[in-house]
Amino acid sequence: MPIKLENVGIAVSDLEEAIAFFTDLGLTVLGRDTVSGDWTDTAVGLDGNHANIAMLQTPDGNGTLELFEYIHPEAIETEPTQPNEIGMHRVAFSVDDIDEALAVASRHGCHPLRGVATYQDIYKLTYVRGPSGIIVMLAEELNKN
């Protein structure tokens, strides 16, 4: 059975803040909508589901994020996940220049959790805490051939 990753969905507390962060990193807004009704109740499994959404795409056209801000039911604020917690907790991006990406993140008040590391002279990488507590991994390939 063929399978393809469609998108990664992330609930955020402030849709505009999240859009600004990800578009500054280089993603493009494909579209925005407000969704509600029986179909969303059924698909998501929440009665009265009502959310503002935005679809963003990476510059290479292969990655898509769906950001959503709940109108109803009320969003449940949780503690930001830690890197060692079970469950989905980060989104990763390859970047051409990690220092430039970190400068962009910094303008949004987002900084590395600890620092920038080098993995086997292959990648420089770091985790930053993005909008709504999202962990965002940034990785720069060192030997670009």
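Two strands pair if DSSP finds at least two bridges between them, and strands here are DSSP runs of E, at least two residues, while helices are runs of H or I, at least four, all numbered from the N terminus. With that settled, hello everyone, and let me show you around. This is a predicted model, where local features need pLDDT of at least 70, side-chain atom pairs count only at pLDDT 80 or more, and totals for chains, interfaces and linings use all residues. Residues are numbered from 1 along each chain as its sequence is written, and side-chain values use heavy atoms, with hydrogens and water left out.

Let's start with the sheet. Strand β7, residues 123–129, runs antiparallel to β8, residues 135–141, and seven bridges join them. Within that pair, K124 stands opposite E140 in β8. The open sheet has four strands in the order β5-β8-β7-β6, with mixed pairing. Which strands stand at the edges? They are β5 (90–94) and β6 (117–119); each has a single partner strand, so one side of each is left without a neighbour in the sheet. From one strand to the next, the twist averages 30°.

Now for the helix. α3 lies across β7 and β8, at about 10° to β7; axes are lines fitted to C-alpha atoms, for helices over the stretch in contact, and angles run from 0 to 180 degrees between N-to-C directions. V104 sits in α3, which spans residues 98–107. Is V104 buried or exposed? Its relative accessibility is 8%, so V104 counts as buried (under 20% relative accessible area, with exposed over 50% and partly exposed in between, using a 1.4 Å probe and protein chains only). Leaving aside neighbours within four places in sequence, V104 is in contact with D24 and L25, contact meaning heavy atoms within 4.5 Å. F22 is 82 residues from V104 in sequence, yet their C-alpha atoms are 9.6 Å apart.

Last stop, the pockets. A pocket is an open set of points on a 1 Å grid over the protein atoms alone, where a 1.4 Å probe fits, with protein on both sides within 12 Å along at least five of seven lines; lining residues have an atom within 4 Å of a point. The largest pocket is lined by 23 residues, with I10, A11, V12, T78 and S132 nearest its centre. Its largest share of lining, four residues, comes from β1. For the second largest pocket, 18 residues form the lining, and L25, P59, S94, V95 and D96 are closest to the centre. α1 (15–25), β5 and α3 each give two or more residues to that lining.
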